[in-house]
Amino acid sequence: MARGNQTSTFEFLLWGLSEQPEQQRILFLLFLWMYLVTVTGNLLIVLAIVTHVRLHTPMYFFLASLSCDDILFTSTTVPKALVNIHSQSRTISYAGCLVQLYFFLTFGDMDIFLLATMAYDRFVAICHPLHYTMIMSLRRCSLLVTACWTLTNLVAMTHTFLMFHLSFCFKKVIQDFYCDLGPLMKIACSDTRINELVLLFLGGAVILIPFLLILVSYIRIVSAILRVPSAQGRRKAFSTCGSHLAVVSLCFVTVIKAYLCPSSSSSNSVVEDIAATVMYTVVTPLLNPFIYSLRNKDMKEALVRILRGKISFS
């Protein structure tokens with residue numbers, strides 16, 4: 001198809017969440033509930049951190065960044081899916097698809113990068129406690145988050161730019177409820193070898209390097225904790241990492257299931273792939289605020305103060 005026509009009138013069809021008409025209303029209400037809970041929960045986390053002086057530390061600065069990213073990440077895909085379910089339409093424009101792809105990659109990769117940064121923060125706090133405030137200064141924390149945003153934007157721009165140069169056949173169905181690299185490359189009518197190579201190396205690096213950094217950080221952390229003489233000290237040290245480890249496990253398990261496990265082109269496999277992506281794009285951001293708030297005494301106190309209307313910005 002010609003490039004000029006493609007940018008002006010071309011549309012994709014999204015597979016959606018289900019092809020069963022009787023399930024559409026249930027799916028709409030379920031996804032609307034999950035989206036509202038995700039946005040509300042993460043906003044409460046951010047508000048608690050901003051308004052509670054005891055939470056003005058590097059660990060919670062990164063947590064607030066993660067909560068903001070989770071809101072943006074979920075908002076990239078779920079509202080469009082809700083509109084399509086409500087209007088009983090599965091179309092998305094060519095430009096809208098590429099815009100959604102860019103922001104999906106940016107916020108999705110940012111989640112992984114922030115988790116690696118938070119692991120480094122825990123490593124410094126436990127292995128170098130006397131120098132923690134000097135190493136994890138506000139300036140350095142800001143630089144780390146800025147570096148994460150810069151890298152994720154560069155990665156997203158690279159993939160989106162390469163996708164822009166592909167040609168697509170008319171009325172092709174994207175086997176997902178949003179635009180992603182894999183499903184888009186499957187329906188391309190032109191050669192996708194360069195896209196696949198970039199996805200293999202660049203996408204692999206985005207997942208593998210943060211994972212290795214997290215792994216090394218926690219090997220050093222566990223080694224340091226095991227040298228603590230008192231059992232109470234070891235429990236306290238492990239408790240500071242428990243929430244982060246739970247979120248890391250949830251994130252990487254769903255990412256591996258959604259993107260690294262091979263799938264066939266059968267309809268059952270498509271349903272399984274969509275279920276995996278729902279876990280990664282909707283369920284994980286939904287659970288993150290609950291994991292951090294339920295396992296953290298300071299966070300629970302801050303949230304209780306907010307719910308009681310005791311808010312003080314400082």
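Predicted model: local features only at pLDDT ≥ 70, side-chain atom pairs only at ≥ 80, totals over all residues.
A residue is called buried here when its relative accessible area is under 20%, exposed when that area is over 50%, and partly exposed in between.

**Stop 1: the salt bridges**

The whole structure contains two salt bridges. Select arginine 122 and aspartate 121 to see one of them; the closest N and O atoms are 2.9 Å apart. Both arginine 122 and aspartate 121 are buried.

Next, select arginine 193 together with aspartate 191. These two residues also form a salt bridge, in which the closest N and O atoms lie 2.8 Å apart. Is arginine 193 buried or exposed? Its relative accessibility is 58%, and arginine 193 therefore counts as exposed. Aspartate 191 has a relative accessible area of 47%, so this residue is classed as partly exposed.

**Stop 2: the sheet**

Display the strands as a cartoon. Three of them make up an open sheet with mixed pairing, and their order is E2-E1-E3. At the edges are strand E2, residues 91–93, and strand E3, residues 173–174, each of which pairs on one side only.

Now select strand E1, residues 11–14. E1 and E2 run antiparallel and are joined by three bridges.

H4 lies across E1, E2 and E3, and runs at about 85° to E2.

**Stop 3: threonine 51**

Move to helix H2, which covers residues 24–51 and includes threonine 51. Show the side chain of threonine 51 and the backbone of leucine 47: a polar atom of that side chain is 2.7 Å from the backbone oxygen of leucine 47. The relative accessible area of threonine 51 is 7%, and the residue is therefore buried.

**Stop 4: the annotated segments**

Finally, colour the ranges taken from the UniProt record. This unreviewed entry lists residues 26–50, 101–120, 141–162, 197–216, 237–259 and 274–294 under "transmembrane region". Two of these ranges may be selected in turn.

- Residues 197–216: the chain is 100% helix and 0% strand here, with 27 Å between the end C-alpha atoms.
- Residues 274–294: this stretch is likewise 100% helix and 0% strand, and its end C-alpha atoms are 29 Å apart.

Note on methods: Residues numbered from 1 in each chain as written. Heavy atoms only, no water. Pairing = 2+ DSSP bridges. Helix = DSSP H or I, 4+ residues; strand = E, 2+ residues; numbered from the N terminus. Contact = heavy atoms within 4.5 Å. Axes fitted to C-alpha atoms, helices over the stretch in contact; angles between N-to-C directions. Salt bridge = Lys/Arg side-chain N within 4 Å of Asp/Glu carboxyl O. Buried < 20%, exposed > 50% of the residue type's maximum accessible area, 1.4 Å probe, protein only. Polar contact = N/O pair within 3.5 Å; in protein donor to acceptor, adjacent residues only side chain to side chain. UniProt positions renumbered as here; feature names shortened; annotations may be inferred.
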